[in-house]
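Hello,

Here is the structure I promised to pass on. Please have a look at it, and then read on for what turned up.

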Amino acid sequence: MVLLHLPKLPSTILTPLSSSPIFLRNHFLNPNPNPTKTPRPLLLFSTLTLPASEPTPIDPHTPEPTPHLQLPLHKLFVPPETHVPLDTPTLTARILKGSNILLSNYATDSQVAQAEFIKSSVRTEDCPSDGLPEFALVGRSNVGKSSLLNSLVRRKKLALTSKKPGKTQCINHFRINDSWYLVDLPGYGYASAPQELRMDWEKFTKDYFLNRSTLVSVFLLIDASIPAKQIDLEYASWLGQNQIPMTIIFTKCDKRKKKKNGGKRPEENVNDFQELIHGFFETAPPWIMTSSVTNQGRDEILLHMAQLRNYWLKH
Ligand code: GDP
């Protein structure tokens, strides 16, 4: 995939790490599995420099390298304990296709072999208590959340469970490979929902974000086929302000005929969204372009989840 609108890699990317250390805040990864009611502390991670010759035990399903995506270093998401290759071709080859995410050695066991619906909860306290790491999917109604969930687990109707009467406003837990959870949260932004109900959902999901100690990262779904909506920006801003680890999943990237009515192409909307949320974060949040129609981004999401999860489990 060519992201024509993104600037070329600057020569500063080749600056030796010793003179230009890279530090990451933990906005996008919560390394602390202990429950806490207070905002998560800001921890700094420095890069771990591995010998260039060291083999990297990444998943066999690692997608082909993408030589086209060119991003300046400050727009990349570098997971903690990840060596940033100094030469541009190696660095480019380790960026997940259609994303700004660098692969780390933690990206193992990414494939979904088994998925099952576990339970619907109406309060954070009622969620599963087995301590397994989890990723929460959230987005505006109609953003493509159910389609993405089904595509991730390769099951046509698993996410229908969340759409059954009585479950649309719940925290729905799906256990994957008996070792981690995908969590479907209520969609937001229903134009027709009464204000009272909207406030209620808001309170309930915010409580989950702030108090769910096993939440590794929120996956905020943004429709890339339309320009950014105010409510999406507010959501991203709130997550940033509260230091909730967040990954942006741009959906519907296959919808390309958007030039009419002032519309833009998905990569332009992706760029615009990042510009708009730039001020909310100290470092660039990870993002991935996806389509549930073509399965674009599916393997990349799973690899990203694997590296966040494996790092979280070790710390
Ligand atoms: P949800 O309300 O967020 O769960 O959204 P759904 O998954 O039900 O999808 C809403 C609509 O968008 C449906 O008509 C889907 O067929 C469509 N849709 C979802 N994902 C994609 C996608 O990646 N590409 C395209 N072209 N349409 C999609």
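How far is an oxygen atom of the ligand from an N or O atom in the side chain of K252? The answer is 3.1 Å. Please keep in mind that this is a predicted model, and that every value here is computed from it.

Let me stay with the ligand for a moment. The backbone takes part as well: a backbone N or O atom of G144 lies 3.0 Å from a ligand oxygen atom, and for V143 the corresponding distance to an oxygen atom of the ligand is 3.2 Å. On its own the ligand would expose 570 Å², and the protein buries 71% of that. In total, 13 residues surround the ligand, and S146, S147, K163, D254 and S292 are the closest. Sorted by class, this shell has six polar, five charged and two nonpolar residues. Helix α2, residues 145-153, supplies the largest share of the shell, with three residues.

Next, the sheet. Seven strands form an open sheet with mixed pairing, and their order is β3-β5-β6-β4-β7-β8-β9. At the edges stand β3 (115-121) and β9 (287-289); each has a single partner strand, so one side of each is left without a neighbour in the sheet. From one strand to the next, the twist averages 25°. Strands β4 (residues 134-139) and β6 (residues 180-184) are a parallel case, paired over four bridges. If you want a spot to start looking, E134 has Y181 in β6 as its bridge partner.

Finally, the aromatic rings. There are 11 aromatic pairs in the structure. One of them joins Y106 and Y311: the ring centres are 5.5 Å apart and the planes stand at 85°, so the pair is edge-to-face.

Do write back with any questions once you have had a look around.

Best wishes

How values were computed:
Residues numbered from 1 in each chain as written. Predicted model: local features only at pLDDT ≥ 70, side-chain atom pairs only at ≥ 80, totals over all residues. Heavy atoms only, no water. Pairing = 2+ DSSP bridges. Helix = DSSP H or I, 4+ residues; strand = E, 2+ residues; numbered from the N terminus. Axes fitted to C-alpha atoms, helices over the stretch in contact; angles between N-to-C directions. Near = heavy atom within 4 Å. Polar contact = N/O pair within 3.5 Å; in protein donor to acceptor, adjacent residues only side chain to side chain. Areas by Shrake-Rupley, 256 points an atom, 1.4 Å probe, with all protein chains shown as cover. Nonpolar A, V, L, I, M, F, W, Y, C, P; charged D, E, K, R; others polar. Phe/Tyr/Trp six-rings, centres within 6.5 Å; stacked < 30°, edge-to-face > 60°.
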